[in-house]
Structure formats: structure tokens, C-alpha cells
Amino acid sequence: MTLSRMLLASAAVLTLAACSQSPTSGGAGKTASTNTTDDASTKAAASGPSGLSLQAINGAQFTAPAGAAAASGNETGGDNEINGYDNVAGNATGSADPDTKSPSPTLVRAEVLLDRAAFSPGVIDGRMGENVKHAIMAYDQAHGLQPSDELDEATWKSLTSADNAPVLKTYTITQQDAAGPFAPNVGEDFVKMSKVQSLGYTSPLQMLSQRFHMDEQFLQALNPGADLSKAGTPIVVVDPGQGALPEVKTLDVNKKMAQVIAYDDSHKVVAVFPATVGSTTRPSPKGTWKVTGVSQNPDYMYDPSKLTWGPKHAGKLHIPPGPNNPVGVVWIALSAPDYGIHGSPDPHVIGKTASHGCVRLTNWDAEELSKAVKPGVKVTFVSERG
């Protein structure tokens, strides 16, 4: 992704080419969480599929590999069966293809605890994907544990001893949640994007899943039959916590591990985020650069004279701000000409697909990072794609 102009100090306007944008104060807002503890609400909201309930996930425990899984006819999934998927709380039974299995209550709990500890797994869905594996390995390294990309007993004990609070809570849909406003879903069509007033959330499902760092299907599975558009509806959601990062002094963008790693002034790791980092045709820069500015809710300017993709026939297109804007809700500008770290309208593909040279994070991770960085923070691109 390329920039056509860098940050303009006085007007706080940034115009980009491939990631072309001009930040304004617009964009979709977020409402504060409402945590309910009413017994009736809990019963109504905590009735998901077998193994997927507020009680089961909050009480999920690590289970070491056991021969009983194989004896019961379940295929074991390697050295540590907790890295497969289960149909009862805390008893993962392994899988040859984790992506097609049901969410594991144990992995849900681990993902939330990783997220709270600022070792982001990306979208929380109870499945063992590459982002979760990389988050576990980074957590192990930062906490003096034997590095592994599997959830083992040592990692589990470290996570749960540091944070034993419930990972799910009940939440009641508010009038503001139900009212939106919601934007039309125009997909990835830049021409259609340029014709709408904003690129806000397209539905209560999208809004709530991103607010609580959740996979949309997982949110629905936890709340079968719940009307997310109706005020007063009690639902079960992830409680990702509200902790702020300490001031970040340096960043590493690890291309091989597809991660952004944040350090404090003593070079201690304070956060790790899954990222989509460039591509083979449009690689991210090499070397060390600096943050030059942060723009919230940026506009996007598609400029075909500076790009090799998109609807070139349509000419320049101004695309309004919002979480479904091509660069999401935040743009962190870098001194590397035409590059930045930014959010994304689709959190599911972070770490899994290529970008046009920039560094993509989930919207919520980009927001968290943006509040901890200032102009002058060093950003080093390390390693290469494996």
C-alpha cells in the first residue's frame, strides 16, 4: 500500500495512494459494555451447544493427554490433545483438521486470557489456528517458559494463575446497540464504497463480534436464536478486559511469524499482535523506520495513478471512514515512504492473507496499539516469509 502524502501536522489530514486516506473525526462509534448478572438473563443467554456455555467455558480446565481419548474411539491429535477440539468442557480429543471441528471451551478460555495479557490470538473462536499458536509461543518466550506452539500445562498454569477471572459474561443489548445506525454491506467494491455516507458496521452481529473480539459464528453459537437487533436481549460474550498498554518505545514487525511485537523502554515485550505483512509482489519495507503520526477513523483515497490494482477505470475515489473502511479504524503512519500499520474490515483474514505492503491488524488490536505509540517510536521489519 502506498501513500500520496504524509501526515499534515496542522490539519491532521493524511492522504494515501494504495492505503489512501484522509482522517477526520467521523466514523462509527462504540458503546460501552453493559455487564449484567441477573440470574434470568444468565439462564436465557448461556444455553449454547454442548460444551459451549458460560459455565462450561468459565470453568474449563486443562486436561493432559490421556489414552482414554483413543480408547473411546476419538482420534488423537498429536502430543497434546488439548490442541484438538472437544465436545465437553475441558476435554479436547484431538483432530486431524482443527479448522473443521467445534470450538473447544478450554481454548476459548486460553484465547481470552492471552488477549487480556496482550498476546493477541486475533478473533476468539476456540479453534487452534496459526495466530493462536504464534500467540502461545510469544507468551511462552516472554514468560520464561519452554517455547511451544501448543497449549501445554505450563502455559495453562501461567495464564490461569495470573488471571483467574471469568472469561465470559452476560451482556444486554442496549437501545443504542439496536439503533445503530448500520451501513449497507457493499463488500469490497470501491465504487460502491465511495457512494455511501459511512462505512460503519453493517449489522449488530458485526458490531458486537468486533467489540468483544469474537468470531461472528462463535458469537451466534454461544447465543442460539438470540435476536441481536432487539434491545433488552441478554447474550453471552467474551470479556476481553479493558487494560491499557504501557507506553511503547519500539516495535518489531516479524514477517515470518506474521506478528507486530511491542516493547517498553527496557525492551520488555508488552504486546504481540497477529498481522498481515505485505506480500511477495508488494513486500513490506526492510530496515528500521519511525512512527510519524496516528490517525483515528481515517478516510481512504483510491488513486489509480499510484496503484496496480482496483477499479482503475473509475478514477480517484474518496471512501468514507468507518470500521469497514479498507484501512479500518486506525492508521499509524511510518517514515518508510507510503507505508503504515492499520486496522482491517475483516479480522478473520489477519495473518492469513497478503496485504498491499502495509501491516494490517484487527481493528481492536490497531486501536490498542495506537493509544500506546507516539511519533518517534522505532519500527523494525525483521525476518522474512518462511
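Here are some worked exercises on the structure above.

**Ground rules.** This is a predicted model, where local features need pLDDT of at least 70, side-chain atom pairs count only at pLDDT 80 or more, and totals for chains, interfaces and linings use all residues. Residues are numbered from 1 along each chain as its sequence is written, and side-chain values use heavy atoms, with hydrogens and water left out.

**Exercise 1. Work out how strand β5 is paired and whether its residues are buried or exposed.**

Step 1: β5 covers residues 259-263. Helices (H or I, at least four residues) and strands (E, at least two) are DSSP runs, numbered from the N terminus.

Step 2: check the β4 side. Strand β4 (residues 250-254) runs antiparallel to β5, with 5 bridges joining them. (Two strands pair if DSSP finds at least two bridges between them.) Leu 251 has Ala 262 in β5 as its bridge partner. The hairpin has 4 residues between these strands, and Ala 258 takes a positive phi near 55 degrees there.

Step 3: check the β6 side. β5 also pairs with strand β6 (residues 269-274), again in the antiparallel sense over 5 bridges. Gln 259 is partnered by Pro 274 in β6, and Tyr 263 stands opposite Val 269. In this hairpin, which has 5 residues between the strands, His 267 has a positive phi near 65 degrees.

Step 4: 5 of the 5 residues of β5 are buried. (Buried means under 20% relative accessible area, exposed over 50%, partly exposed in between, with a 1.4 Å probe and protein chains only.) Gln 259, Ile 261 and Tyr 263 point one way, while Val 260 and Ala 262 point the other.

Step 5: zoom out. The open sheet has 9 strands in the order β6-β5-β4-β14-β8-β11-β12-β13-β7, with mixed pairing. β6 and β7 (276-277) are at the edges with a single partner strand each, so one side of each has no neighbour in the sheet.

**Exercise 2. Check the length of helix α5 and find what covers its buried residues.**

Step 1: do the span check. At 1.5 Å a residue, the 13 residues of α5 should span 18 Å, and its end C-alpha atoms are 18 Å apart, so the two agree. (The expected span is 1.5 Å times one less than the number of residues.)

Step 2: list the buried positions. Among them are Asn 131, His 134, Ile 136 and Tyr 139.

Step 3: find the cover. It includes α4, α6 (153-162), β5 and β6. Just after α5, Gly 144 takes a positive phi of about 70 degrees.

**Exercise 3. Sort out the geometry of two aromatic pairs.**

Step 1: count. The structure holds 3 aromatic pairs. (Rings of Phe, Tyr and Trp, using its six-membered ring, pair if their centres lie within 6.5 Å; planes under 30 degrees apart count as stacked, over 60 as edge-to-face and the rest as tilted.)

Step 2: take Phe 119 and Tyr 139. Their centres are 5.4 Å apart and their planes at 80 degrees, so this pair is edge-to-face. Phe 119 is in the loop between α4 and α5 (130-142), and Tyr 139 is in α5, 20 residues apart. Phe 119 counts as buried because its relative accessibility is 3%; Tyr 139 does so at 2%.

Step 3: take Tyr 171 and Phe 212. This pair is edge-to-face, at 5.2 Å centre to centre and 65 degrees between the planes. Tyr 171 lies in strand β2 (residues 168-172) and Phe 212 in the loop between α9 (204-211) and α10 (216-222), so the pair ties together parts 41 residues apart in sequence. Both residues are buried.

How values were computed:
Contact means heavy atoms within 4.5 Å.
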